[in-house]
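Let's take a walk through this model together, starting with a helix and following its neighbours. Keep the 3D view open as you read.

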Amino acid sequence: SVVSIVVSVCVLVLALVWLVVGVAGLIGRLPRNRYFGVRTDSTMASAEVFTLANRIAAPGALGAALILFAGDSMNTRTPRLPRIAYSAALPVSPEV
């Protein structure tokens, strides 16, 4: 359906963003900015601390990208997956 395609595209774009941020943080090429990376008072005060913090956080960002890519691939192969995943998160059992 159209909704499934839109969700898949949004998840794919989000996965790509996490991938780029993770790789850039890992290799130390993520510039200080107000949108991406670890943004605390101490990391924003120093470029060296910002780079170090993002190198430490990069594996988590790459893991998030991997999970999103995996979820997107499952969504495009099984159209019922979002309903099943959503139902599994509910405290009550879904209608069959």
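This is a predicted model: local features need pLDDT of at least 70, side-chain atom pairs count only at pLDDT 80 or more; totals for chains, interfaces and linings use all residues.

Helix 1 has 25 residues, and at 1.5 Å a residue they should span 36 Å.

Which residues of helix 1 are buried? They are Ser4, Ser8, Ala15, Val21, Gly22, Ala24 and Gly25. After helix 1 comes Gly28, and its phi is positive, near 80 degrees.

Now zoom in on Val11, which sits in helix 1, the stretch made of residues 2-26. Leaving out residues up to four places away in sequence, Val11 touches Leu68 and Asp72. There's also Phe69 to look at: Val11 and Phe69 are 58 residues apart along the chain, yet their C-alpha atoms are separated by 7.6 Å.

Let's hop across to Asp72, which belongs to helix 3 (residues 47-77). What does Asp72 touch, not counting residues up to four places away in sequence? Its contacts are Ser8, Val11 and Leu12.

Is Asp72 buried or exposed? With a relative accessible area of 10%, Asp72 falls under the 20% cut-off, so it counts as buried. Val11 has 23%, which lies between 20% and 50%, so Val11 is partly exposed. Phe36 is partly exposed too, because its 39% also lies between those limits.

| Residue | Relative accessible area | Class |
|---|---|---|
| Asp72 | 10% | buried |
| Val11 | 23% | partly exposed |
| Phe36 | 39% | partly exposed |

Where is Phe36, then? You'll find Phe36 in the loop between helix 1 and helix 2 (41-45). Phe36 is also part of a nonpolar patch on the surface, along with Ile5, Val9, Val13, Leu14, Val17, Trp18 and Tyr35. Together, the residues of this patch have about 760 Å² of accessible area.

Finally, a word about confidence. The protein averages a pLDDT of 83, and 77% of the residues score at least 70. Which helix has the lowest confidence, and which the highest? The lowest is helix 4 (residues 81-89), at a mean of 49, while helix 2 is the highest, at 95. Over residues 86-90, pLDDT stays under 50, and the model has two contacts beyond four places in sequence for this stretch.

Terms used
Residues are numbered from 1 along each chain as its sequence is written. Side-chain values use heavy atoms; hydrogens and water are left out. Helices (H or I, at least four residues) and strands (E, at least two) are DSSP runs, numbered from the N terminus. Buried means under 20% relative accessible area, exposed over 50%, partly exposed in between (1.4 Å probe, protein chains only). Contact means heavy atoms within 4.5 Å. Patches are made of residues with over 30% relative accessible area and no salt bridge: like charges are joined within 9 Å, nonpolar side chains (Val, Leu, Ile, Met, Phe, Trp, Tyr) within 5 Å. Accessible areas come from the Shrake-Rupley method with a 1.4 Å probe; for residues, only the protein chains shown count as cover. A salt bridge is a side-chain nitrogen of Lys or Arg within 4 Å of a carboxyl oxygen of Asp or Glu. The expected span of a helix is 1.5 Å times one less than its number of residues. pLDDT is the predictor's confidence in each residue, from 0 to 100.
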